[in-house]
Amino acid sequence: MKRKQKIKRILVLDADMVSALTIARSLAARYFVVDVASAKAAPIAAYSNSVAAHFQYPDPLLNEEAFLAWLQEHIHHAPYALVIPVTERSLVPLAHARDRFQETCLAIADDDSLQLVLDKAATFSLAERIGVSTPQSLYISSIDELPALLPQLRFPVVVKPSHSVSGGAAGYSKRNVSYAIDEAELILQCKACLRHSSVILQSYFRGLGAGVELIAKQGEILYAFQHLRLHEVPLTGGGSSFRMSTELEPRLLDAATRLIREIRWTGVAMVEFKWNPATKEYCLMEINGRFWGSLPLAMAAGADFPAMQAELSLTGELGTYPPYRRGVYCRNLPSDVMWHEMVLRSHSDAITQVPSLGKVLLDLSKVLSTRHHFDTQCFSDPLPGLVEVKRLVARQGHRLLGLLEESWFTLSQRLLWRNGTVREKLRGSRKILFICYGNINRSALAQVLMTAQLPPSSYLDIRSAGFHPQEQRPADPRMVQVAEQHAIDLTYSRSRCVDTDLIADSDIIFVMEKGHYDRLVAMHQDAVDRTFLLGAGLSDPVLPRAEIPDPYNKSDAVYRTCFGDIARAIKRVVEELPIDYASY
């Protein structure tokens, strides 16, 4: 039979996303000519034999106007029947500049519908009005509003930006969902989120991640598909690295149907839920008004959403498509490697439920099933999958080398403490310098703690400094409070920026992290033989990595742990001093 002629050209944006690769494969199989574009120089979709050409555009997150200007110019020289944005990075700027692309068909819902989906606060308000189950949601646009809401919150709390992508003429910023297990962490997460958009605070609903994917016209669902998330990255909840197609759950489909009908949605979308199969309870999480990350699963199960979107966009109608297969699995290889690593390093807590070894092995065994697929690896289009594996091996190899280098550094630093090198250097020192990044927590505390343990007659000169360029900053108020509980006064501490003169004038230097050591030695090569890791003086079970992490803007428990680590480390330093320096 004569092969059909490729008659229409389609441009797929965000080509660095695996879902863009899936779209290209689908549309090429339908005899479209597919070009892809991305802000990345070598996106994964560019390696596909389904792609005719690849282009690079300015990153819309950095410069929206440059991206839009590039796209206008590109379309002028290479007209497309359809342009498909795959993520909010390109979708949001395009939606705001529709009038500049009036001659081009954009796979984007109309403004009113899209606004309801992009604004999560509006989405939840709509859901509550029409009786779709949602988590308890509270809204703030300023950190000053948070204290009044604290009595209504029950931890853990989900912190959501009202807009995942926000910004303006200078570009857009992306912010993901985060979780807070206590008040201090909540304040930190809210402050970070409020820099980009207003914030939704939600109660945490424990359940499986479930998505109802669909394509609709004027609010009427024309085709629907459902999947369950089996592995999520991060473990607290996020994108799926391993998932399975399932039967449409009537309650979830009903909720999705009411939402889509109410907003009169046209195009593809995913309505995301948390779902408890035992109790049949659910909570709406969000609506993604675009192609979703787990799109390869839908394609593997026979739900060809890219072809449906192209047909609906170009003709205004949708033909008949076969039902999808249930019980099909799909795995994103790099993300699932990360998931397994997280499982090995994590433990169950209020948010994270780490699966048992048996469950992990059972999920791994699915690779042997004929119903198992990979997001990228494909026999008919092998190069993207090979490139992904190559990048994965390179990334893991780089990480392994980094871990080996870090382990060797830690071991060598511990040996310097154990073999007496640090002791000898201390006993010949008069000027002792403590270094961290900001000099408002760790090094400032070390200076005050050590000074407090020396006799007034001691002629040791104890200093501290940091790499932060701003000087004369007071100590972190939260560390000041922790120190007060131990009768240590940090109120007079002021930060200082380290320079080559200070390094040269110090006999011995203690740093908190390997990064500080590297940076210090780069500034002054002669410091290599008199710079030591402070935490390496502690025994391995107490501080296995020998680094003392920065507590800045973390929970109160982290501040307390940091204080304890510094206090024990300073005690070890003082023990190594000659008796006439340490005694009263």
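This is a predicted model: local features need pLDDT of at least 70, side-chain atom pairs count only at pLDDT 80 or more; totals for chains, interfaces and linings use all residues.
Local features need pLDDT of at least 70, side-chain atom pairs count only at pLDDT 80 or more, and totals for chains, interfaces and linings use all residues. Residues are numbered from 1 along each chain as its sequence is written, and side-chain values use heavy atoms, with hydrogens and water left out.

Colleague: How many disulfides does the structure hold?

Modeller: A disulfide needs a pair of cysteine sulfur atoms within 2.5 Å. The closest cysteine sulfur to that of Cys 330 is in Cys 378, 10 Å away, too far for a bond. The number of disulfides is zero.

Colleague: Is Cys 330 buried or exposed?

Modeller: Buried means under 20% relative accessible area, exposed over 50%, partly exposed in between (1.4 Å probe, protein chains only). Cys 330 has 1% relative accessibility. Therefore Cys 330 counts as buried.

Colleague: Which residue in β10 stands opposite Tyr 139?

Modeller: β5 pairs with β10 (residues 199-203) over four bridges, in the antiparallel sense. Opposite Tyr 139 stands Ile 200.

Colleague: Which helix does Leu 364 lie in?

Modeller: Leu 364 is partly exposed, at 37% relative accessible area. Helices are DSSP runs too (H or I, at least four residues). The one with Leu 364 spans residues 357-365 and is α12.

Terms used: Helices (H or I, at least four residues) and strands (E, at least two) are DSSP runs, numbered from the N terminus. Two strands pair if DSSP finds at least two bridges between them.
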